[in-house]
Amino acid sequence: MDGSGAEGTPAATEGSGGDARRRRTFGMEEELLLVNPDTGEPVPLAAGLLEGYKRPAGPGGGPVLTAEFQQEMIEVVTPPHSTMASLEADIILGRAMADAEARRVGVRAAALGTSPLPTDPHPVQLRRFIAMTEEYGLTAREQLTCGCHIHVSVDSDEEGVAVLDRVRTWLPVLSALSANSPFWHGQDSGYASYRAQVWSRWPSAGPLDILGSPEAYHQLVHDMVSTGVLLDEGMVYFDARLSRHYPTVEIRIADVCLRPQNAVLLAGIARGLVETAAREWRNGVPPVAVPTELVRLAAWKASRWGLRGELLDPLTLQPSPAITVVNVLLDHIREALEDIGDLQRVEELIDNLLYEGTGASRQLEVLHRAGELEAVVADAANCTVWVPAD
């Protein structure tokens, strides 16, 4: 979601892109559910949690907690980082902090893309959110979904739009890697990421066309807002967009990841994609002219199957086994990852994810084993803060 009124979107302040000797900074926003530890149901306690929360003092003081659209949610926001290791430390710290604050008010924080159990969410009582609930009806009232937003620094809007034009066909693979929402209102949805289906109800959600220039991008945003269909620019919910407040590209397509290590992997891949796209632009390589309708189909297939079936290959837009498509993605960003110093860590984390499965697979396995959705939520809360032993 966007526009809670809270500060804390990751900014790029440590030096951005440009050449292989400088690492683009990146940061992350993770939305977490607040759940009853006994029943597994979401609980509207964000206000009480934040009321007693003491925010770290000073800029760059570590991850912070902020409110989100629904009172059953909390958001963890990291500052910008230049290395995967430092970002990983803040993701782990931020999740632990969120869960500790949740326990203080009698609940748990769980990295779940949707609530496995039926729920009736409660919007935060800010004027903007009240207006959204009135304007968009059931779409807003049911919008209890948790995503992961990755900010990667860019040098200019020109570079940022060039990146958006070139990463669009690769973003569905991030959706498949992060898939963590198989349940909806107490039922198996049949999707690995049903959050993606719920999110697509918003009128501005989904992939972008190739735009070619910052002027075209900003004109599109202006025209969309001027229709009156969107309340404001914060409701431009593209799969990836230019940040309104910071010099970053914001990649928004992913579910919140069940395990912190998977979130780190997603961030590493996202930075590799941005760096690869920027290099292509600087070298005069044009974006691949894939129709937006086909990108949308690729995103649907990723939402449906995650890593359990076929995905659409971003190079051919033909179906291919998920593991093959993940390797195509890795080959695409390999040079950038190697120059940044992330290749070995990304390869390790990909291997782990392919072995362990996505969050969606884990949730379905727990349900099969335990026979109740309450156990799925309890397991997810533990996975949210689980750190493997060295």
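**Close-up 1. Phenylalanine 238 sits in a loop of this predicted model.** The loop runs between helix α8 (214-226) and strand β8 (240-242). Is phenylalanine 238 buried or exposed? Its relative accessibility is 4%, so phenylalanine 238 counts as buried; the cut-off for buried is under 20%. Which residues does phenylalanine 238 touch, leaving out those up to four places away in sequence? They are Ser204, Gly206, Leu208, Tyr217, Leu220, Val221, Met224 and Arg252. Serine 303 gives a sense of distance along and across the chain. Phenylalanine 238 and serine 303 are 65 residues apart along the chain, and their C-alpha atoms are separated by 16 Å.

Close-up 2. Strands β8 and β9 run antiparallel and are joined by 3 bridges. In one of these pairings, alanine 240 stands opposite isoleucine 251 of β9. Strand β9 is mostly covered, with 8 of its 8 residues buried.

**Close-up 3. Strand β5 (residues 147-153) pairs with β1 and with β9.** How does β5 pair with strand β1 (residues 26-35)? The pairing is antiparallel, over 5 bridges. Glutamate 30 has cysteine 148 of β5 as its bridge partner. Strand β9 (residues 248-255) also runs antiparallel to β5, and 6 bridges join the two. Here glycine 147 stands opposite aspartate 255 of β9. Isoleucine 150 has isoleucine 251 of β9 as its bridge partner. Isoleucine 251 also stands opposite alanine 240.

**Close-up 4. The residues of β5 point two ways.** In a regular strand, side chains alternate between the two faces of the sheet. Which residues of β5 point one way, and which the other? Gly147, His149, His151 and Ser153 point one way. Cys148, Ile150 and Val152 point the other way. Both sets are buried. Strand β5 is thus mostly covered: 7 of its 7 residues are buried.

**Close-up 5. Helix α3 (residues 127-136) has a buried face.** Which residues of α3 are buried? They are Arg128, Phe129, Met132, Thr133 and Tyr136. Seen down the axis of α3, these buried residues fall within an arc of 140°, so they line one face of the helix. An α-helix has 3.6 residues a turn, so residues three or four places apart point the same way. On the other side of α3, Arg127 and Glu134 are exposed. The cover over the buried residues of α3 includes α4 (138-141). Glycine 137 follows α3 and has a positive phi, near 55°.

**Close-up 6. Helix α5 (residues 157-167) packs on helix α9.** Two packed helices are described by the angle between their axes and the distance between the axes. For α5 and α9, the angle is about 105° and the axes are 8 Å apart. That makes α5 roughly perpendicular to α9, since angles of 65 to 115 degrees count as such. From α5, the contact takes in Glu158, Glu159, Ala162, Val163, Arg166 and Val167. From α9 come Leu273, Val274, Ala277, Ala278, Glu280, Trp281 and Arg282. By class, this contact has 8 nonpolar, no polar and 5 charged residues.

**Close-up 7. Helix α6 (residues 171-178) also meets helix α9 (residues 260-282).** How do the axes of α6 and α9 cross? They come within 11 Å and cross at roughly 175°. The two helices are therefore roughly antiparallel to each other. Leu174, Leu177 and Ser178 of α6 meet Leu266, Ile269 and Leu273 of α9. By class, the contact has 5 nonpolar, 1 polar and no charged residues. Leu273 of α9 takes part here and in the contact with α5.

**Close-up 8. Glutamate 335 lies in helix α11 (residues 322-340).** Is glutamate 335 buried or exposed? Its relative accessible area is 56%, so glutamate 335 is exposed; the cut-off for exposed is over 50%. Threonine 276 is 59 residues away from glutamate 335 in sequence. In space, the two are 8.0 Å apart, C-alpha to C-alpha.

How values were computed: Residues are numbered from 1 along each chain as its sequence is written. This is a predicted model: local features need pLDDT of at least 70, side-chain atom pairs count only at pLDDT 80 or more; totals for chains, interfaces and linings use all residues. Side-chain values use heavy atoms; hydrogens and water are left out. Helices (H or I, at least four residues) and strands (E, at least two) are DSSP runs, numbered from the N terminus. Buried means under 20% relative accessible area, exposed over 50%, partly exposed in between (1.4 Å probe, protein chains only). Contact means heavy atoms within 4.5 Å. Two strands pair if DSSP finds at least two bridges between them. Axes are lines fitted to C-alpha atoms, for helices over the stretch in contact, and angles run from 0 to 180 degrees between N-to-C directions. Angles under 35 degrees count as roughly parallel, over 145 as roughly antiparallel, 65 to 115 as roughly perpendicular and the rest as oblique. Ala, Val, Leu, Ile, Met, Phe, Trp, Tyr, Cys and Pro count as nonpolar, Asp, Glu, Lys and Arg as charged, and the others, Gly among them, as polar. The arc is that of the directions from the helix axis to the C-beta atoms.
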